[in-house]
Every structure is written in structure tokens, then in C-alpha cells.
Amino acid sequence: MPEFLRNLLRAPRGPAELLADGLRLAAIASIVVAGVGWGAKGASSFAVVSVAMLLPRVLAVRPGFDIAYGVVALVSTWSSVTDLYGVVRWWDLPMHFLMTGLAAATCYVLLIRLRLVEDVAPLPRPRLSYVVLTTTIGAALSAFWEMFEWFTTTFLDPATVLGYRDTVADMVFGTLGSLLAGLLLPVLAAEPRLSVAPHDAAEPPAR
């Protein structure tokens with residue numbers, strides 16, 4: 001979509017957007033650092049994260065949301081690459097809570113912008129609709145992530161041991177994080193229903 005490309009290529013406005021772009025540069029630099037220190041698996045993890053961190057910029061969400069997404073994505077990925085999750089057993093729970101919630105909110109805004117889901121603003125309780133839809137997306141993302149972990153554990157890295165309790169706890173915390181993200185969605189992403197500013201707009205949209 002042309003508006004997505006314009007958002008991606010436009011110059012940052014203000015220090016908050018500069019910081020968000022700096023986090024994206026840090027993710028790109030982490031590809032090299034993780035590749036040298038931890039091999040191809042580490043480099044590929046940050047390659048995927050570097051692409052995912054472009055989504056908030058493409059969607060033109062609030063800079064604060066963009067920064068939070070970038071910080072949590074970097075911390076979560078470095079925790080995985082350095083095996084911090086194995087050393088500090090509880091650390092994955094807050095990461096699932098935060099990362100899944102932010103990812104669910106981002107996916108919801110993406111679906112709105114692509115017009116794949118209907119705008120809930122005209123409904124009698126739009127905030128409740130935000131919560132229901134974002135929580136549902138987050139629960140689905142949590143389930144897909146656990147399927148991915150099962151696949152990698154079964155076929156790629158049998159040394160990793162994942163228990164039933166760990167899987168359920170990850171899904172519970174991911175879903176709870178998505179519920180909170182749904183409650184905060186109007187604050188995190190401004191008005192999710194608003195389209196991106198037209199190319200010839202005189203002023204940028206308020207965020």
C-alpha cells in the first residue's frame with residue numbers, strides 16, 4: 001500500500017521517533033553481534049525481529065508505542081539468544097506478557113488499516129470491542145508461538161525441554177498481556193480506525 005511505504009520512508013518527526021528508529025538500527029546491529037557471538041541461530045533471530053520492528057513505523061502508531069515495542073522486542077530476543085530464559089526460569093513470563101500484548105495490539109491496528117476487520121468505533125461499546133478482539137488475537141498468537149516452540153523442539157533442537165506447565169503459563173501470560181493491550185489500545189495507537197494521512201495533506205495526523 002502506498003501509504004505504508006510513505007510511512008516507512010518518511011523522515012522521523014521529533015526525538016521520540018528518532019529514538020524508535022535508533023532501536024531499529026540497534027536490532028540491525030544485533031544481527032552482526034549475535035551472529036559473531038552466537039552463530040547463525042542468533043543472527044537469524046535478530047533478522048526476523050528487525051523486520052517485525054518495522055511494523056509500528058509502517059502503521060504510524062504513537063512513538064511511545066513504537067519505542068515500547070522496540071525495547072521489549074530487543075530485550076526478549078537477547079534473552080533468548082543469551083539463554084537468559086534458561087538461567088532465570090521466571091523471566092519468560094513477563095516477556096510473554098509484554099511482547100504478546102504489544103504484538104496483538106500491532107496486529108489489530110494492521111488488520112484495521114488493511115480493512116480486514118470492521119471498524120468497531122460505531123458500536124455501542126467500542127472499547128470493549130477493542131479488548132475482545134485484541135485479547136483474541138493475542139490468545140491466537142500465544143497458541144501459534146507454542147506450536148512453533150513445539151516444532152523447533154521436536155525437529156530442530158531436541159535438547160530444549162518444554163513442559164506442559166511452561167506452555168500453559170506462557171499462553172496465560174500472553175493472553176493477559178493482550179487483554180491489557182486491548183484496554184490501552186486507544187492510548188497506545190491513537191485512534192486505531194484512523195487511516196494514514198493522505199499524501200498531499202498539509203499537516204501530519206496528531207498522535
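Is Trp78 buried, partly exposed or exposed? At 23% relative accessibility, Trp78 counts as partly exposed, where buried means under 20% relative accessible area, exposed over 50% and partly exposed in between (1.4 Å probe, protein chains only). The model is predicted: local features need pLDDT of at least 70, side-chain atom pairs count only at pLDDT 80 or more, and totals for chains, interfaces and linings use all residues. Residues are numbered from 1 along each chain as its sequence is written, and side-chain values use heavy atoms, with hydrogens and water left out.

The structure holds 5 aromatic pairs (rings of Phe, Tyr and Trp, the last by its six-membered ring, with centres within 6.5 Å; planes under 30 degrees apart are stacked, over 60 edge-to-face, the rest tilted). One of them joins Trp38 and Trp78 edge-to-face, at 5.4 Å centre to centre and 70° between the planes. Trp38 lies in helix H2 and Trp78 in helix H5, 40 residues apart, and the pair thus links distant parts of the chain (helices, H or I, of at least four residues, and strands, E, of at least two, are DSSP runs numbered from the N terminus). Trp38 is partly exposed, at 43% relative accessibility. Ring pairs link Trp38, Phe46 and Trp78 into a cluster.
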